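Take the points in order and find each residue as you go.

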Amino acid sequence: MSSRYVFFCSYSYSYSILRPLQDEICRRGDEAAWFLENTCEDMLRKDEQRLYTLSEVKHYRPKAVITAGNYVYSFFPGVKVCVFHGYPINKRADKHDDHFKLRGWFDIFCTQSPLSTEPFQALAEKKKYFCVYETGWPKVDDFFKEQREKNEERAEKCSEQSSVPTIVYACTFTKGISSAAVLAPVIEQLVQQKPWRWILTLHPKIDDVDIINHYTTLAVRYPNVMFRKQLTTDDLRAADVMLCDTSSIILEFQILDKPVVTYCNTQPGPHLINVTDTDQVAPALEEALTRPEALMSAIAAHTAQFEAHRDGLNSARVLNAIDDFIDNHRATMKAKPHNWLRKWKQYRQSRQYLSR
């Protein structure tokens, strides 16, 4: 009998993280379905199954519910699995990184490298109600599979035909850190002045209508600009340089061995070209396009700390971890925290999904 899995999604960034898992599930002859909260835009393909109601999830009887977020409905059937929505970069440079905050929802945390495994393993040994598996991050499977080589060969051919560089802009939503507002006029000026192509995106949690309209309008007004609701792996491959602030997407881009210019990054280092003045953005992008040797070496050393597994098998390890947990650990786990208040809030929130 085939196994079933549910992907629990609160924001659109979940698609690119969970789809490699879906591919592995299907490869094994199993099934997957998606449950989207109202905060997550429906960007499902025609061949992907969506569950709309709590009753549909219950009758689907998933082996596991997998999410890229910080929480999951505790009353859903199946093992609860967290695969994270990014790398632990500690955007605010706090002593207590929110990446390692326990909320009592999960049976399994699938970590990306020793940098995240060791803190979670220490918490697991203390709390004893969840297990930790170092699997690598599912989203980057496509970066490292054999197909990547063919894609890069195609990209090189395209690059030979056109010498126009491509800049991708991405940002965080975190207040006081996001560059979306301050860099809006800077990017528009560069769009007009520089012979570059641009791929623009905004974090899905950004809800400022004026900012959203500004960036989407650029793609309408200028032929060298594209706006993406969600960046794809192909977008990252197509770009030569990223312009950002402080976001884990920086690591995703640098894993592809590409340079990043940041504006007021909270944790600058030799792996970044960081600027603190808008007048420095253009010269920094020009420098990044030359791929300085010291910068590229620092990027390689930095990314190795965050993503330990580069064989394209991270999704397979996640599914194997679920099987191992069920077979060898679930029966011996302590009960999760009661979380009465949080659960009550979940039940109240979930009432909107009782029927279509």
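Predicted model: local features only at pLDDT ≥ 70, side-chain atom pairs only at ≥ 80, totals over all residues.

1. Helix 3, which covers residues 114-127, lies across strand 5 (108-111) and strand 6, and runs at about 165° to strand 6. Helix 12 (residues 314-328) packs on the sheet as well, touching strand 1, strand 3, strand 4 (79-82), strand 5 and strand 6. The direction of helix 12 makes about 150° with that of strand 6.

2. How many strands form it, and in what order? There are six, arranged as 2-1-3-4-5-6 in an open sheet, and the pairing is parallel. At the edges sit strand 2 (31-36) and strand 6 (131-134), each pairing on one side only. From one strand to the next, the twist averages 25°. As a reminder, strands of a sheet pair through backbone hydrogen bonds, either parallel or antiparallel.

3. Five of its six residues are buried, so strand 1 is mostly covered. Strand 1 pairs with strand 2 in the parallel sense over six bridges, and Cys9 has Leu36 in strand 2 as its bridge partner. Together with helix 1 (residues 14-27), strand 1 and strand 2 make a right-handed β-α-β unit.

4. Strand 1 (residues 4-9) also runs parallel to strand 3 (residues 64-67), and four bridges join the two. Look for Tyr5 opposite Ala64 in strand 3, and for Val6 opposite Val65 in strand 3.

5. Carry on along the sheet. Strand 3 and strand 4 are paired in the parallel sense by four bridges; here, Thr67 has Cys82 in strand 4 as its bridge partner. Strand 4 and strand 5 have two bridges, again in the parallel sense, with Val81 standing opposite Ile108 in strand 5.

6. Which residues of strand 4 point one way, and which the other way? Val79 and Val81 point one way, while Lys80 and Cys82 point the other way. All of these are buried, the lysine included. The general rule is that in a regular strand the side chains alternate between the two faces of the sheet.

7. What about the cores? The largest nonpolar core has 51 residues, and Phe7, Ile66, Val81, Val83, Met242 and Ile322 touch the most other members. Leaving aside residues up to four places away in sequence, Ile322 touches Tyr5, Lys63, Ala64, Ile66, Val81 and Ile108. A second, separate core has 34 residues, including Trp198, Leu200, Val261 and Met296.

8. Last, a pair of helices. Helix 6 (residues 180-193) packs with helix 10 (residues 281-289) at an angle of about 60°, and their axes are 11 Å apart. That angle makes helix 6 oblique to helix 10. Where the two meet, Leu183, Val186 and Leu190 are on the helix 6 side, and Val281, Ala282 and Leu285 are on the helix 10 side.

Methods:
Residues numbered from 1 in each chain as written. Heavy atoms only, no water. Pairing = 2+ DSSP bridges. Axes fitted to C-alpha atoms, helices over the stretch in contact; angles between N-to-C directions. Contact = heavy atoms within 4.5 Å. Core = buried A, V, L, I, M, F, W, Y, C linked by side-chain atoms within 4.5 Å. Buried < 20%, exposed > 50% of the residue type's maximum accessible area, 1.4 Å probe, protein only. Right-handed = clockwise from strand over helix to strand, strands pointing away. Parallel < 35°, antiparallel > 145°, perpendicular 65-115°, else oblique.
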